[in-house]
Amino acid sequence: MYKKIMVPVDLEHTDKIEKALHGAAELAKSYDVPVCYVAVMGRVPNRVAPSPEKFEAELNMFAREQAGKYDIATECKAVPSVDVPAELDDKLLGAVDEVGADLIVMASHIPGIADKLHLISSNAAYMVKHSSVSIFVVR
């Protein structure tokens, strides 16, 4: 039914998306398809890595760890960005076609007061509204 699953990841907060990672792995096993972990990276040093090259190495290591943990085929893609917060949604949307995904499994934050007042929007909501592929949002 599906050919490839894309999972957006923030390498600084992988502990907060464990349910989405597990769900994607189970779906990958069920459909015998690979999971592609996509992370949008800035050009400046951050807590994950001091350079884009090190960031890509960290993402590769994360994908290998997930492959071993869940016994699935994995790949990854680091998407460069000048301004990650401003470009995140569009960069993730563009990555769907780049990696050839036909299913996205992504985590969503727990709604808070800012969501109720419509002060912020969620990345998952943006993807649901604008993506042409199926999306499984995990809370």
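How many nonpolar, polar and charged residues are in the lining of the largest cavity? By class, that lining has five nonpolar, three polar and no charged residues; Ala, Val, Leu, Ile, Met, Phe, Trp, Tyr, Cys and Pro count as nonpolar, Asp, Glu, Lys and Arg as charged, and the others, Gly among them, as polar.

The model is predicted, and local features need pLDDT of at least 70, side-chain atom pairs count only at pLDDT 80 or more, while totals for chains, interfaces and linings use all residues. Residues are numbered from 1 along each chain as its sequence is written, and side-chain values use heavy atoms, with hydrogens and water left out.

Figure 1. Rolling a probe the size of a water molecule over the atoms shows where empty space is left. On a 1 Å grid over the protein atoms alone, a cavity is a set of points where a 1.4 Å probe fits but cannot get out, and a pocket is an open set with protein on both sides within 12 Å along at least five of seven lines; lining residues have an atom within 4 Å of a point. Grid points are joined across faces, edges and corners, and a volume is the space filled by probe spheres set on the points. The count comes to one cavity of 30 Å³ or more, and the space in the largest cavity is about 30 Å³. Its lining consists of Met41, Gly42, Val44, Asn46, Ala49, Ser51, Pro52 and Phe55.

**Figure 2. The largest pocket.** This pocket has a volume of about 990 Å³. It is lined by 41 residues, of which Val9, Asp10, His13, Leu88 and Asn123 are the closest to its centre. At least two lining residues each come from helix 1, strand 2, helix 3 (84–99), strand 4 (103–107) and helix 5 (123–130); helices (H or I, at least four residues) and strands (E, at least two) are DSSP runs, numbered from the N terminus. Helix 3 gives the most, with five residues. The lining of the largest pocket divides into 23 nonpolar, eight polar and ten charged residues.

**Figure 3. Parallel pairing of the strands.** Two strands pair if DSSP finds at least two bridges between them. Strand 1 and strand 2 are parallel and pair over four bridges, with Val35 in strand 2 as the bridge partner of Ile5. Strand 1 is also joined to strand 4 by two bridges, again in the parallel sense, and here Met6 has Ile104 as its bridge partner in strand 4. Five bridges pair strand 4 with strand 5 in the parallel sense, and Ala107 stands opposite Val138 in strand 5. Both faces of strand 1 are covered, since Ile5 and Val7 on one side and Met6 and Pro8 on the other are all buried (buried means under 20% relative accessible area, exposed over 50%, partly exposed in between, with a 1.4 Å probe and protein chains only). In strand 4, four of the five residues are buried.

**Figure 4. Two aromatic pairs.** The structure holds two aromatic pairs; rings of Phe, Tyr and Trp (its six-membered ring) pair if their centres lie within 6.5 Å, and planes under 30 degrees apart count as stacked, over 60 as edge-to-face and the rest as tilted. The ring centres of Tyr2 and Tyr31 are 5.2 Å apart and the planes lie at 85°, so this pair is edge-to-face. Because Tyr2 lies in the segment before strand 1 (5–8) and Tyr31 in helix 1 (residues 18–31), the pair ties together parts that are 29 residues apart in sequence. Tyr2 is buried at 18% relative accessibility, whereas Tyr31 is partly exposed at 30%. For Tyr37 and Phe62, the ring centres are 5.3 Å apart and the planes are at 80°, so this pair is edge-to-face. Tyr37 in strand 2 (residues 35–41) and Phe62 in helix 2 (residues 52–70) are 25 residues apart, and their pair links distant parts of the chain. Tyr37 is buried with a relative accessible area of 0%, and Phe62 is buried at 8%.

**Figure 5. Cys36 and Cys76.** The whole structure contains zero disulfides, a disulfide being a pair of cysteine sulfur atoms within 2.5 Å. The closest cysteine sulfur to that of Cys36 is in Cys76, 6.8 Å away and too far for a bond. Cys36 is buried at 1% relative accessibility, whereas Cys76 is partly exposed at 24%.
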